[in-house]
Amino acid sequence: MFEYIKLQRTMCFGTCPVYSVMVDNEGNVNYSGEMFVYKSGEHHWQIPMKKVEQLNGLIEDFGFKSFIYEPGNEFITDQSSCITTIKYLDGESKEINHYYGHVLIDDSLTAFENKIERIIGTKKYVNPKLYIYLVEEKISESSIRYMVISASEKEAISLAEKECTRQEALKWKAMKIGVAIDDYYEPLILMRDFKVRNGNL
């Protein structure tokens, strides 16, 4: 049984996501996003014990405790690393600094790291699938519309609400109009259209 698992993704010469995530044996997850991630800053959530058991099984099946990382001497510079640290309940801990620039990169270790993150659920914080939403509010004398890049309808509406300067309560609706194909690292408003009866502002 592990006490905690921690993964750190380091920077590269480019736009590699930089963040760390740690989960303990009660399912508490702490995420810290730094650069080129969808959610920066500190975020916390909890995974069910069933997933904690999956993590235990994954560690045991992979044999992380006895795994020997032998990358060789040939490498490419300016790549990122994944640093995996596991502390066990018996007090023992092990860390592997997996540099992705090694020519003899270990695919099994890469798959192991990715499986940990799938179980923990970091994708929605790092690089979720993003959509383009038309978020609109129509009231008697004006129409307010935003074009928003976001991972969800709820988030798109929340972004429009924060951007809008009107004080009264407004009822928003959002319509998905496409998929964002460029790289966006945070939710954002692409365009704003505010019209009043007698013209545009």
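Guide: A salt bridge is a side-chain nitrogen of Lys or Arg within 4 Å of a carboxyl oxygen of Asp or Glu. In this predicted model, Arg192 and Glu163 meet that rule through their side chains, at 3.6 Å from N to O. Arg192 belongs to strand 10 (residues 188-196) and Glu163 to helix 4 (residues 153-163), so the pair ties together parts 29 residues apart in sequence.

Visitor: Is Arg192 buried or exposed?

Guide: Exposed means over 50% relative accessible area. Arg192 has 55% relative accessibility, so it counts as exposed. Glu163, with a relative accessible area of 36%, is partly exposed.

Visitor: How many salt bridges does the rule give?

Guide: The count comes to seven. One of the pairs is Glu3 with Lys87, whose closest N and O atoms are 3.9 Å apart. Glu3 sits in strand 1 and Lys87 in strand 5, so this bridge links distant parts of the chain, 84 residues apart. Both ends are partly exposed: Glu3 at 31% relative accessibility and Lys87 at 25%.

Visitor: Which residue forms a salt bridge with Glu117?

Guide: Arg9 does, with 2.7 Å between the closest N and O atoms. Glu117 lies in helix 2 and Arg9 in strand 1, so the pair ties together parts that are 108 residues apart in sequence. Glu117 and Arg9 are both buried.

Visitor: What should I look for in a nonpolar core?

Guide: Look for buried nonpolar residues joined through side-chain atoms. The largest core here has 30 residues, and Ile5, Leu55 and Phe112 touch the most other members. Elements that each supply at least two of its residues include strand 1 (2-9), strand 5 (81-88) and helix 2 (107-120). Leaving out residues up to four places away in sequence, Ile5 touches, among others, Val21, Leu55, Ile86 and Ile116.

Visitor: And nonpolar residues on the surface?

Guide: Met1, Met49 and Leu89 form a nonpolar patch there, with about 300 Å² of accessible area together. Met49 lies in helix 1 (residues 49-62) and is partly exposed, at 42% relative accessibility.

Key. Residues are numbered from 1 along each chain as its sequence is written. This is a predicted model: local features need pLDDT of at least 70, side-chain atom pairs count only at pLDDT 80 or more; totals for chains, interfaces and linings use all residues. Side-chain values use heavy atoms; hydrogens and water are left out. Patches are made of residues with over 30% relative accessible area and no salt bridge: like charges are joined within 9 Å, nonpolar side chains (Val, Leu, Ile, Met, Phe, Trp, Tyr) within 5 Å. Accessible areas come from the Shrake-Rupley method with a 1.4 Å probe; for residues, only the protein chains shown count as cover. Helices (H or I, at least four residues) and strands (E, at least two) are DSSP runs, numbered from the N terminus. Buried means under 20% relative accessible area, exposed over 50%, partly exposed in between (1.4 Å probe, protein chains only). A nonpolar core is a set of buried Ala, Val, Leu, Ile, Met, Phe, Trp, Tyr and Cys residues joined through side-chain atoms within 4.5 Å. Contact means heavy atoms within 4.5 Å.
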